[in-house]
Amino acid sequence: MKEITTEEISRAVARMAVDACCLLPDDMVAGLARARQEESSPIGQAILEQLQENAALARAENMPICQDTGLAVVFASVGQDVRIVGGDFESAIHEGVRRGYTQGYLRKSCVAEPLFERKNTGDNAPAVIHTRIVPGDALRLRLAPKGAGSENKSLLRMLVPADGIDGVRRVVLEAVKAAGPSACPPMVVGVGIGGTMEVAALCAKRAAARDLESRNADGRYAALEEELLDLVNSTGIGPQGFGGLVTALKVHVEWAPTHIASLPVAVNINCHAARHAEVVL
C-alpha cells in the first residue's frame with residue numbers, strides 16, 4: 001500500500017493553486033490562437049489577440065490571468081491502495097488552498113456563510129472537493145479555480161425522456177444566450193446529462209474542467225459535443241459578446257445513468273480562461 005503524507009498533498013495543492021491562476025494551460029493557449037484564425041470579425045480578432053497577450057503576460061510575470069481567482073474546486077481520484085498519513089485528507093487540501101492563495105497573492109473570494117453575514121474567510125478556504133475512489137495506488141488531484149462571472153450562469157433543467165436530444169440542445173442554447181457577454185466568451189461549455197439533479201450538475205462541472213482537446217470516449221456523445229459547439233457558435237455572441245463566429249472554444253459533455261422517467265440536463269460555463277492544473281502523487 002502506497003503512503004502519501006498530508007504535507008505532500010498540501011504542497012501540491014498550493015503549487016497548483018498558483019499555477020492554475022497564472023499559467024493558462026497549453027491547450028487553452030492553442031485554442032485561443034486557433035480561434036483568432038477562425039474569427040472573421042475585426043473586433044473579435046482584436047479581442048482574441050488581447051486575450052492571448054494577457055495570457056502571455058500572466059505567464060511571464062507569474063501574475064493572475066484574471067482578478068477573479070475563484071473558488072478552488074478540486075477533483076480528487078484516490079486510488080484504493082493509497083493510505084493518507086499525517087492527518088486528514090480534506091484538511092490537507094484546504095491547507096494547500098490557504099498557502100497557495102496567501103503566498104501567491106491571489107484574491108480571496110470565499111465567504112464562510114452564504115446568506116446573512118457573508119464574511120470572507122480571508123484565505124480562500126475551504127476548497128470545494130469532489131472525491132472518487134478508483135483502482136490503483138495513485139492520487140490524482142485536479143484544481144480548477146471557478147470565478148463567479150461564469151459560475152453564476154450555470155443552469156439546470158429537469159427534462160423528461162420525451163424531450164430527448166432536442167431538449168438538450170434547447171437547454172444548452174438557453175444557458176449560453178442568457179450568459180452572453182457576462183461569462184467572458186469565448187467560453188468552454190460543460191454539459192452534464194443524466195443521473196439525478198446533483199449528479200447532472202457535477203457531470204457538467206467535470207466536463208467544464210476537462211482539457212480543451214479532450215473528447216467524450218463514447219462516439220455518440222463526442223458527435224454531440226461537436227454539434228452543440230456549432231449551435232453555440234451560431235448564436236453570433238462572439239468574443240466578449242461583441243459579435244462574431246467564436247462564442248465557444250469547446251463544448252464538453254459528460255453523462256451518467258439515470259431514472260427511466262428522468263432526463264436531467266445541467267450546463268456549467270467556463271470563461272476564456274478555463275483554468276486548471278493537475279498533479280499525480
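This is a predicted model: local features need pLDDT of at least 70, side-chain atom pairs count only at pLDDT 80 or more; totals for chains, interfaces and linings use all residues.
1. From α6 you get Ile165, Arg169, Val172, Leu173 and Val176, and they meet Leu224, Glu227, Leu228, Leu231 and Val232 of α8. Sort those contact residues by type and you have eight nonpolar, no polar and two charged.

2. Now for how this pair is arranged. The axes of α6 (residues 164-179) and α8 (residues 219-233) come within 10 Å and cross at roughly 45°, so the two helices are oblique to each other. The crossing of α6 and α8 is right-handed.

3. Next, have a look at α2 (residues 26-38) and α3 (residues 42-61). Their axes come within 9 Å, with a crossing angle of roughly 155°, and therefore α2 and α3 are roughly antiparallel. This time the crossing is left-handed.

4. Which residues make the contact between α2 and α3? On the α2 side they are Asp26, Leu32, Ala33, Ala35 and Arg36, while α3 brings in Gln45, Leu48, Glu49, Leu51, Gln52 and Arg59. By type, the residues of this contact are five nonpolar, two polar and four charged.

5. Last, the cysteines. How many disulfides does the structure hold? The count is zero. Take Cys184: the closest cysteine sulfur belongs to Cys271 and is 5.7 Å from its own, which is too far for a bond, because a disulfide needs the two sulfur atoms within 2.5 Å.

6. Are Cys184 and Cys203 buried or partly exposed? Cys184 has a relative accessible area of 28%, so it is partly exposed. Cys203 has 10% relative accessibility and therefore counts as buried.

How values were computed: Residues are numbered from 1 along each chain as its sequence is written. Side-chain values use heavy atoms; hydrogens and water are left out. Axes are lines fitted to C-alpha atoms, for helices over the stretch in contact, and angles run from 0 to 180 degrees between N-to-C directions. Helices (H or I, at least four residues) and strands (E, at least two) are DSSP runs, numbered from the N terminus. Angles under 35 degrees count as roughly parallel, over 145 as roughly antiparallel, 65 to 115 as roughly perpendicular and the rest as oblique. A crossing is left-handed if the near helix is turned anticlockwise from the far one by less than a right angle, and right-handed if clockwise. Contact means heavy atoms within 4.5 Å. Ala, Val, Leu, Ile, Met, Phe, Trp, Tyr, Cys and Pro count as nonpolar, Asp, Glu, Lys and Arg as charged, and the others, Gly among them, as polar. Buried means under 20% relative accessible area, exposed over 50%, partly exposed in between (1.4 Å probe, protein chains only).
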